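This briefing is meant for a reader who is meeting the structure for the first time. Please look through the sequence and the model before turning to the grouped points below.

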Amino acid sequence: MPELPEVEALKDFLTEHLVGHEIVRVLPVAISVLKTYDPPLSALEGHEVAAVRRYGKFLDIRTADGPHFVTHLARAGWLHWKDRLPDGPPRPGKGPLALRVALETGAGFDLTEAGTQKRLAVYVVADPQEVQGIARLGPDPLADDFDERRFTELLAGERRQLKGALRDQSLIAGVGNAYSDEILHAARMSPFKLAASLSEEETGQLYAALRDTLTEAVERSRGVAAGRLKAEKKSGLRVHGRTGEPCPVCGDTVREVSFSDSSLQYCPTCQTGGKPLADRRMSRLLK
């Protein structure tokens, strides 16, 4: 799933390639991608793109004197930029193409989604806050006013495990499965540790890991073409998706805990005092 760093890079890429250009066609291929119907997709056509913003994992393309095109790429969605779109409208079928946006220059982008779980979402709204997922977002962890004091206040009384707390978009916007693993590895903390149990020193340690991990990932992604962002993300991960490989910090073997629809990765030496975590379904640490 694209998370804050990749969506931030897509925002920068689209700002460079879209702003100042007119949207001439928006062509839906998979109707399931559309989550709003009023105003219609056609309301975007004929309007110039004025700005591109990011809200957590949401991308917002604002048109001048027109509506906003908001998308969430979900787990298997992606944006593919094309300097020259194919001639003729796309044909509905069983392929991954979900929607196409064409500019007056002949360039544009496709939204695609792999797999059978169709969660890619597109909204056409007068205000991004009309999108429920945006309205409920917590603060952006890279915002200038997101300081350690504010982070401490967010975690105060938080009874969940750190892994779940970091992924909660209503608590902190933009962190998903991959970067929560990376943040906890950098902080040297168990994903099962309770947020409310953190000492003042540990809270500061986790805050620094959160900001540093995301900032470094954004910098790695900056200037990378949209089509290469997935590979860039994977190459920069130290534990997530690297089950069975040596930890780059201590050399211990990276281990995995499986969930019903996802998994987490961690280093026992760096994060759990050398103890392997039990299967998440048991929800406790092996003694």
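Predicted model: local features only at pLDDT ≥ 70, side-chain atom pairs only at ≥ 80, totals over all residues.

Helices, of at least four residues, and strands, of at least two, are DSSP runs that are numbered from the N terminus. In that numbering, Thr63 has its place in strand S3, which spans residues 58-63.

**Thr63 and its surroundings**

- Thr63 counts as buried because its relative accessibility is 2%, where buried means under 20%.
- Apart from its neighbours within four places in sequence, Thr63 is in contact with Ile23, Leu44, His47, Glu48, Val49 and Ala50.
- Thr63 and Ala126 lie 63 residues apart along the chain, and their C-alpha atoms are separated by 9.9 Å.

**The cavity**

- The structure holds 1 cavity of 30 Å³ or more, and the space in the largest cavity comes to about 30 Å³.
- The lining of the largest cavity is made up of Leu18, Ile23, Leu44, Ile61, Phe69, Val101 and Phe109, and by class it has 7 nonpolar, no polar and no charged residues.
- Ile23 and Leu44, which belong to the lining of the largest cavity, are also among the contacts of Thr63.

**The largest pocket**

- The largest pocket has a volume of about 1100 Å³, and of the 41 residues that line the largest pocket, those closest to its centre are Met1, Lys57, Arg75, Arg167 and Asn177.
- At least two residues of the lining of the largest pocket are supplied by each of S5, strand S8 (121-125), helix H4 (162-167), H5 and H7.
- By class, the lining of the largest pocket divides into 15 nonpolar, 11 polar and 15 charged residues.

**The second largest pocket**

- The second largest pocket has a volume of about 250 Å³, and of the 14 residues that line it, Arg53, Arg54, Tyr55, Gly56 and Asp140 are the closest to its centre.
- Two or more residues of the lining of the second largest pocket come from each of H1, strand S2 (49-55) and helix H2 (132-135), and the largest share, 3 residues, comes from S2.
- The lining of the second largest pocket divides into 7 nonpolar, 2 polar and 5 charged residues.

**Helix H5**

- Helix H5 is largely enclosed by the rest of the structure, because 10 of its 11 residues are buried.
- The buried residues of H5 are Asn177, Ala178, Tyr179, Ser180, Asp181, Glu182, Ile183, Leu184, His185 and Ala187.
- Those buried residues of H5 pack against H1, H4, H6, H7, strand S10 (263-266) and helix H8 (268-271).
- H5 is followed by Arg188, a residue with a positive phi near 60 degrees.

**Helix H7**

- In helix H7, which covers residues 229-236, Leu229, Glu232 and Lys233 are buried. They lie on the same side of H7, because the arc they cover around the axis is only 100 degrees.
- In general, an α-helix has 3.6 residues a turn, so residues three or four places apart point the same way.
- The exposed residues Ala231 and Lys234 are carried by the face of H7 that is turned away from its buried side.
- The buried residues of H7 pack against helix H1 (4-18), strand S5 (77-82), helix H5 (177-187) and helix H6 (200-221).

**Cysteines**

- A search of the whole structure finds 0 disulfides. Cys267 is in no disulfide, and the nearest cysteine sulfur, which belongs to Cys250, is 3.4 Å away.
- The sulfur of Cys270 has its closest cysteine sulfur in Cys267, but the distance of 3.7 Å is too far for a bond, since a disulfide needs the two sulfur atoms to be within 2.5 Å.
- Cys267 counts as buried at 0% relative accessibility, and Cys270 is buried with a relative accessible area of 5%.

**Ser260**

- Ser260 lies in the loop between strand S9 (255-258) and S10, and this residue is exposed, with a relative accessible area of 80%.
- The C-alpha atoms of Ser260 and His185 are separated by 22 Å, and the two residues are 75 residues apart along the chain.

Terms used
Residues numbered from 1 in each chain as written. Heavy atoms only, no water. 1 Å grid on protein atoms, 1.4 Å probe; cavity = no way out; pocket = protein on both sides within 12 Å on 5 of 7 lines; lining within 4 Å. Points joined across faces, edges and corners; volume = space filled by probe spheres on them. Nonpolar A, V, L, I, M, F, W, Y, C, P; charged D, E, K, R; others polar. Buried < 20%, exposed > 50% of the residue type's maximum accessible area, 1.4 Å probe, protein only. Arc of directions from axis to C-beta. Contact = heavy atoms within 4.5 Å.
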